[in-house]
Amino acid sequence: MEYSPGLRGVVAGETAISTVGKEGTSLRYRGYDAIELTKNNTYEDVASLIIKDSLDGDEFKEAFSRHYNNKAFEDETVSKYIENLKSLHPQSEMHPMALLRTIVSGGQEIESDTEIESIARISATVCFAIASYHKADTNILSDKYLVASSLLPNDANDEMLEALDDMLILYAEHGFNASTFATRVTASTRADLTGSIVSGIAALKGELHGGANERAVELINSFNTVDEAEKGIYSLLDEKKKIMGFGHGVYKVQDPRSPVVKNWVEQLVDNDFSKNRFEIAKKIDEIMDAEKNLFPNVDFYGGLLLSELGFEIDLFTPIFVAGRSVGWAAHYFEQREQDILIRPAAKYIGPPER
Ligand SMILES: CC(C)(COP(=O)(O)OP(=O)(O)OC[C@H]1O[C@@H](n2cnc3c(N)ncnc32)[C@H](O)[C@@H]1OP(=O)(O)O)[C@@H](O)C(=O)NCCC(=O)NCCS
C-alpha cells in the first residue's frame, strides 16, 4: 500500500458520527448541518445528538448540572486538587491544558454508568476546572445555555451565552481529526474512557491543532495597527512561517464554521481596542487569501471570539476541550463497539541489515 505522509486522504476507519461530505465543504453531525444546529439548538441537545443520536438534551443537562453543582457546593476534593496543582508551579504557572489533562486523568470512572452519565461527569470536571480561573463567581447556571453558563461569570448576558453556546457546538465534533484519532487509538486497545479522553486532551494542545486559537490571537495582538499587521504578515510569509488559524487538513475551499464565529465577533466588538483588533484580523485574512489562497479555520476568529467573551488566551484551548469532549466520547464508544485494534504499518527508513 502506498505511503501517505500524515495519513492525508487515508480512510482509517468507519464512523456514523459526523462528516465533512465528499467535497469537504460542509459539516454534519449524524446527518444534521452543524451550522443549522447553532441556529436551532443548544450545546446540550447537540451533545446528546453526538453521543446517542437524540436531540433531546435533558438527560445530559440533568447529569451535567448534578456533577457541576456537586463539585461547586458539596465536594471540595476537586477544588483542593485544582488549587494544589496550581500551587505546584507558582513561578512558571502550569498551562490550564496541563491542569485539565491532570484533573480529568484523576477522575473516577464507574463502569455501570450510562454513556451520557460518564461524559457529563468528565465534561462537568473540565468546565469546573476552567471556571476556577475566573476571579468572579460562576456558580449560577442558566437552564437554556447550561454548559456555556458554567464557563462564564454570573454576570454574562444572554448574547454572550448564546455566542459561547454556538462556539461549543462548532467545537463539539470533527471526524478523524488528530485528537479524536488519538482518543480512538487508545480506545482501540480496550482502555478506559478517561484514559482515552486524556489522550485527546494531550493531542489537542499542540498549535497545529487546538492550540492554534491561542497562537492566532497572540499574533493578532502583536500588531498595533492594520499597517503594522500588513508588513508583519508579509515578512512572516517571506520567512516561510505558518500563520496560525489558516488552512485545514480536510477543508480545501472554506471552513464552514468560520463565518459563524466571525459574525459573532462582529456583533460583540464594542470598543476601540476590539474594533481595531477585528480590522487587523480581517487584514490578515485578506492577505492570506490573496497570497496563499488560504482561508481562516475555526480557530482564527474563534480565538478572537473567546477573547471578546473575556477569556484569557491560555483558556482558549481548554474551552475547545469543553466543547470537544462529547465528540471524543462518542468516538470512544463507537471504537469500543467496533473493537478493532488500530495498528498501522510504518515505512522503514533506517539502516539496512548490519
Ligand atoms: C492545518 C494544517 C496542518 C493543514 O495542513 P495541510 O493542508 O496538510 O497543509 P500542509 O501543512 O501540508 O501545507 C501545504 C502548503 O500550504 C502551506 N500552508 C498551510 N497552512 C499554512 C498556514 N497556516 N500559513 C502559511 N502557509 C500554510 C504550507 O506551508 C505548505 O506550503 P508548501 O507547499 O509551499 O510547503 C495547516 O494548514 C496548518 O499548519 N495550519 C496552521 C495551524 C492551524 O491553524 N491549525 C488548526 C487547524 S483547525
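Is aspartate 113 buried or partly exposed? I looked it up: aspartate 113 is partly exposed, with a relative accessible area of 21%. For the cut-offs, buried means under 20% relative accessible area, exposed over 50%, and partly exposed in between (1.4 Å probe, protein chains only).

Housekeeping before I go on. This is a predicted model, where local features need pLDDT of at least 70 and side-chain atom pairs count only at pLDDT 80 or more, while totals for chains, interfaces and linings use all residues. Residues are numbered from 1 along each chain as its sequence is written, and side-chain values use heavy atoms, with hydrogens and water left out.

**Entry: salt bridges.** I searched the whole structure and got 16 salt bridges. The term stands for a side-chain nitrogen of Lys or Arg within 4 Å of a carboxyl oxygen of Asp or Glu.

I checked the partner of aspartate 113: a salt bridge ties it to arginine 121, with the closest N and O atoms 2.7 Å apart. Arginine 121 is buried, at 9% relative accessible area.

Next I looked at arginine 215, which forms a salt bridge with glutamate 218; their closest N and O atoms are 2.9 Å apart. Both sit in helix H11 (residues 212-221), and because they are 3 residues apart there, about one helical turn separates them. Helices here are DSSP runs (H or I, at least four residues), strands likewise (E, at least two), numbered from the N terminus. Arginine 215 is partly exposed at 26% relative accessibility, and glutamate 218 is partly exposed at 37%.

Then I went to arginine 277 and glutamate 308, a salt bridge with 3.1 Å between the closest N and O atoms. This pair links distant parts of the chain, 31 residues apart: arginine 277 is in helix H14 (residues 272-292) and glutamate 308 in helix H15 (residues 298-308). I find both arginine 277 and glutamate 308 buried. I also noted one network, in which salt bridges with shared partners join Glu62, Arg66 and Glu117.

**Entry: the whole chain.** I counted 16 helices and 3 strands. Buried residues are 51% of the 354.
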